[in-house]
Amino acid sequence: MSDTKKSIYGTIGWFDLTVPNATEVKDFYAKVTEWKPEPVSMGEYDDYNMTANGEPKAGVCHKRGGNSDIPSQWMMYINVRDLDHSRSECTANGGKLVTDIKSAGSMGRYCFIEDPAGAVCALFEPKEA
């Protein structure tokens with residue numbers, strides 16, 4: 001990697017909230033934070049990118065389909081270089097795997113883990129451009 005290009009690995013790349021009532025909750029956050037909800041089609045329903053100044057800042061998602069096993073809490077996604085390695089390190093160091101690896105389509109893949117203290121986060125491996 002060149003010195004002029006900063007690594008995204010180890011940084012927080014996204015936040016989202018997955019709840020049974022995403023439509024209602026996105027309206028709550030729109031009023032409380034002044035985020036503007038932008039629908040993201042999931043086929044039969046919409047999830048939402050919450051934007052500020054035209055830029056996505058977070059997501060509010062329905063707890064359906066592939067998201068049905070995601071804990072209902074604000075979730076941070078930490079960018080990792082090698083998801084398989086990070087999952088192995090998680091369990092080798094006292095953590096737990098909360099979900100299997102999930103696809104984020106053309107963006108990459110991710111999973112949810114629990115650290116030894118019980119806190120949950122997501123690990124995200126972006127696809128190389």
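This is a predicted model: local features need pLDDT of at least 70, side-chain atom pairs count only at pLDDT 80 or more; totals for chains, interfaces and linings use all residues.
Me: How many aromatic pairs does the structure hold?
Reply: A pair of aromatic rings is described by the distance of the centres and the angle of the planes. Rings count as paired if their centres lie within 6.5 Å. The number of such pairs in this structure is seven.

Me: Are the rings of Tyr29 and Trp74 stacked or edge-to-face?
Reply: The ring centres of Tyr29 and Trp74 are 5.2 Å apart, and their planes meet at 85 degrees. Planes over 60 degrees apart count as edge-to-face. The angle of 85 degrees therefore makes the pair of Tyr29 and Trp74 edge-to-face.

Me: How many residues apart in sequence are the parts that Tyr29 and Trp74 tie together?
Reply: Tyr29 belongs to helix H1, residues 22-33, while Trp74 belongs to strand E5, residues 74-79. The pair thus ties together parts whose separation in sequence is 45 residues.

Me: Is Trp74 buried or partly exposed?
Reply: Buried means a relative accessible area under 20%, and exposed means over 50%. Tyr29, at 18%, is buried. Trp74 has a relative accessible area of 32%, so Trp74 is partly exposed.

Me: Which strand holds Phe112, the partner of Tyr77?
Reply: Tyr77 and Phe112 form an edge-to-face pair, with 5.9 Å centre to centre and 70 degrees between the planes. Tyr77 is buried at 8% relative accessible area, and Phe112 is buried at 0%. Tyr77 lies in strand E5, and the pair ties together parts 35 residues apart in sequence because Phe112 lies in strand E8.

Me: Which ring has the charged end of Lys26 over it?
Reply: A charge sits over a ring if NZ of Lys or CZ of Arg is within 6 Å of the ring centre and within 35 degrees of the ring normal. Arg64 lies over the face of Tyr45, at 4.5 Å from the ring centre. For Lys26, the distance to the ring centre is 5.1 Å, and the ring is that of Tyr48.

Me: Which element gives the most residues to the lining of the largest pocket?
Reply: The largest pocket holds about 690 Å³ of space and is lined by 25 residues, with Trp14, Asp16, Ala104, Met107 and Tyr110 nearest its centre. Elements giving two or more residues to this lining include strand E3 (46-52) and strand E4 (55-62). The most, four residues, come from E1.

Me: How many charged residues are in the lining of the largest pocket?
Reply: By class, 12 residues of this lining are nonpolar and nine are polar. The number of charged residues in the lining is four.

Conventions: Residues are numbered from 1 along each chain as its sequence is written. Side-chain values use heavy atoms; hydrogens and water are left out. Rings of Phe, Tyr and Trp (its six-membered ring) pair if their centres lie within 6.5 Å; planes under 30 degrees apart count as stacked, over 60 as edge-to-face and the rest as tilted. Buried means under 20% relative accessible area, exposed over 50%, partly exposed in between (1.4 Å probe, protein chains only). On a 1 Å grid over the protein atoms alone, a cavity is a set of points where a 1.4 Å probe fits but cannot get out, and a pocket is an open set with protein on both sides within 12 Å along at least five of seven lines; lining residues have an atom within 4 Å of a point. Grid points are joined across faces, edges and corners, and a volume is the space filled by probe spheres set on the points. Ala, Val, Leu, Ile, Met, Phe, Trp, Tyr, Cys and Pro count as nonpolar, Asp, Glu, Lys and Arg as charged, and the others, Gly among them, as polar.
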